[in-house]
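Subject: Structure for your files

Hello,

Here is the structure I said I would pass on. My notes follow it.

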There are 4 protein chains.
Amino acid sequence: MAQTPEPQLDELTRLMREFTHARDWAQFQDPKSLVLALVGEVGELAELFQWIPADGAVAHFADPARRARAGEEIADVLLYLLRLADVLGIDVMDAARAKQAAARERFPVDQVRGAAPEKA
Amino acid sequence: MAQTPEPQLDELTRLMREFTHARDWAQFQDPKSLVLALVGEVGELAELFQWIPADGAVAHFADPARRARAGEEIADVLLYLLRLADVLGIDVMDAARAKQAAARERFPVDQVRGAAPEKA
Amino acid sequence: MAQTPEPQLDELTRLMREFTHARDWAQFQDPKSLVLALVGEVGELAELFQWIPADGAVAHFADPARRARAGEEIADVLLYLLRLADVLGIDVMDAARAKQAAARERFPVDQVRGAAPEKA
Amino acid sequence: MAQTPEPQLDELTRLMREFTHARDWAQFQDPKSLVLALVGEVGELAELFQWIPADGAVAHFADPARRARAGEEIADVLLYLLRLADVLGIDVMDAARAKQAAARERFPVDQVRGAAPEKA
């Protein structure tokens, strides 16, 4: 009988939780500390892109070694994000589906098509 | 016959891709722009935590309305992160599993147990 | 007899310190909280730029209202940065001169001219 | 006859401008790239604080070597911030004085004394 696979976000959340508890690191991982750790990883991600020409970035990261590096930094951001959500008791999949649905309502296709929303 | 459910990260990636293309917004979503959008969402997440006492943050966000707000900001970060990975052709689940495995090797339990690694 | 004007960073640091103490807000401004507040402001700055074409950003912000908005966000980042330095007892002017001098040594003109350093 | 010293922000802005032009790096320093570079430095700053107990951070950075490290990261953030302002033609000192004055109006002492504003 086929078993339902563990959902992906549950798996990664579990791996991070086990990793943390095995090292007795939960004591350091209050939410503010986790946000700062997330910011550190976002900074490393940003550094990979900073001096690349905007219209050449996709081609630049088509190189396998560079794509792997970008993947590592994206993974680090994701892992701390899931760890933060776990500490806060947030169901990330529910939250993401709801936020995406809200975005579809907020930006009706026939009103925003082809125009970037300006932050002011 | 039971159908395998769509993996969670694939589902969210697909929702963001469809959302973007329906609005003809892919033209604005080069990787650098997506990293900046991600930074904007990380900033909104950080603002929720900035003045909360570190040891009271979990209790603060146990309030349902506050937890929902934190969930929204975490969702925004996740959605832009997955959109960035999609534009770069990165398999986030593979990258996250690999990064987590590398972290387990890099920080052996018997050497780091109970001690926070210091960045210098 | 002419008086030496108060150095700019001292003036802004003093304004922030007086602002904070008048409101009895120093109790909230531990260094980690200030870094999170700084991140919030950096996020607001990033949002102004996210969807603007990279090669049109200077022209976009030549508009006085947009330039003023960017100035506000840059100011917010600066003010929290100086507040953080004040709490930590750091002389920002000394640190910035030293860091700039170190950058001149680290990137000799004849070796790096015209080439962006790649982060890897 | 005594000469008026160069204002501090002008000096640092000039050093960054000369540094950039001597290396022919202005071509890489469009505003979006500079914001990403700033984010990278903010990430390095955040990493210094991430696992330090919130109420022990000031004491932690009283150590001269750690304080110097924090000063370097604060300096990096400041230097990119001033470079960004220079590229955008923004007078940072004017903007910071104006923003600080606006904050004094927005948060009247008798209304906010002792209470942290909550972001919601």
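How many residues does the contact take from chain A and from chain B? The contact takes 58 residues from chain A and 58 residues from chain B. Please keep in mind that this is a predicted model.

On chain A, the elements that each give two or more residues to the side touching chain B are helix 1 (8-22), helix 2 (31-49), helix 3 (57-60), helix 4 (64-88), helix 5 (92-106) and helix 6 (109-112). Helix 4 of chain A gives the most to that side, with 15 residues. Sorted by class, the side of chain A that touches chain B has 42 nonpolar residues, eleven charged residues and five polar residues.

Now to chain A taken by itself. Chain A has six helices and zero strands, and its pattern along the sequence reads α-α-α-α-α-α. Chain A is more spread out than a compact globule, because its radius of gyration is 18 Å, well over the 14 Å that the globule rule gives for 120 residues. The C-alpha trace of chain A spans about 50 × 40 × 35 Å along its principal axes.

Two further figures concern packing. Of the 120 residues of chain A, 43% count as buried. Among the contacts in chain A with a separation of 6 or more, 77% are accounted for by residues 24 or more positions apart.

Regards

Definitions and conventions
Residues are numbered from 1 along each chain as its sequence is written. Chains are lettered from A and ligands numbered from 1 in the order in which they are written. This is a predicted model: local features need pLDDT of at least 70, side-chain atom pairs count only at pLDDT 80 or more; totals for chains, interfaces and linings use all residues. Two residues are in contact if their C-beta atoms, placed from the backbone, lie within 7 Å. Helices (H or I, at least four residues) and strands (E, at least two) are DSSP runs, numbered from the N terminus. Ala, Val, Leu, Ile, Met, Phe, Trp, Tyr, Cys and Pro count as nonpolar, Asp, Glu, Lys and Arg as charged, and the others, Gly among them, as polar. The radius of gyration is taken over C-alpha atoms; the globule rule is 2.2 Å times the number of residues to the power 0.38. A residue is buried if 20 or more other C-beta atoms lie within 10 Å of its own, exposed if 12 or fewer, and partly exposed in between; C-beta atoms are placed from the backbone.
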